[in-house]
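Please view the sequence and the structure together before reading on.

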Amino acid sequence: MTKPVPMTKPEPMTKPEPEPRPRRGPGPFVRVLVALVALVGMVAFAVVLAKLTLEASPASVPLTHSNLTPGRSIESYLDQPQFLETVKQLGGNIALGVPFGILLPLLSLKARGFVRVALITAATMLLVELVQGALITGRAFDIDDVLLNTTGALIGYLLIGRRLGRAVHPRTRPRWWQRRSSPAGTSGAA
């Protein structure tokens, strides 16, 4: 004889939580298209940068002086009574860096990140200033231009470049602080 089974309330079936899938970005065609547009934009930016900074200005020779002290040129512009000249000089140098901060993260996944954008921009602008000061008549090296251009690139990166870079080059693996260490005794290799 069989023993009667007590009647119990059936447990509700719970669905196992699906594993979170890594975020996927746009398809390869869109990525290539965005990379080409960014490359064209960077070339156009380089042409404008060269036109603005590497063109000789013989009439300015008596007025030029190199500045190796950070903040000295900025201070002298702020002390000027001509407000428009100050805005033109300071704002122009900041605006000149903005495209760099937008285009760098689009061109390369490795060029993403606040510090990386700052270092790449500072190195590039430092090279431009060195060439300008050493080889171009009527132009001088100014460390404040490097600082202002880098500030502009960081503004462009924070406002637009970071989001565009993430959209075009999504993360494929978790950040270092999000990675879990494997349980003790498992090596992950078979």
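## Overall fold and selected residues

In the protein chain, 76% of the contacts (heavy atoms within 4.5 Å) between residues at least 6 apart in sequence join residues at least 24 apart. The model is predicted: local features need pLDDT of at least 70, side-chain atom pairs count only at pLDDT 80 or more, and totals for chains, interfaces and linings use all residues. Residues are numbered from 1 along each chain as its sequence is written, and side-chain values use heavy atoms, with hydrogens and water left out.

The secondary structure comprises 5 helices and 0 strands, where helices (H or I, at least four residues) and strands (E, at least two) are DSSP runs numbered from the N terminus. Of the 190 residues, 27% are buried, that is, under 20% relative accessible area with a 1.4 Å probe, protein chains only.

|---|---|---|
| α1 | 28–53 | Val43 |
| α5 | 143–168 | Asp144 |

Asp144 is buried but has no salt bridge, a term for a side-chain nitrogen of Lys or Arg within 4 Å of a carboxyl oxygen of Asp or Glu. The nearest side chain of opposite charge, Arg72, lies 6.8 Å away; Lys and Arg count as positive, Asp and Glu as negative, and His and the chain ends are not counted. The side chain of Asp144 does, however, reach the backbone nitrogen of Arg72 at 3.2 Å.

Val43 counts as partly exposed because its relative accessibility is 48%, between the 20% limit for buried and the 50% limit for exposed.

Technical notes. Polar contact = N/O pair within 3.5 Å; in protein donor to acceptor, adjacent residues only side chain to side chain.
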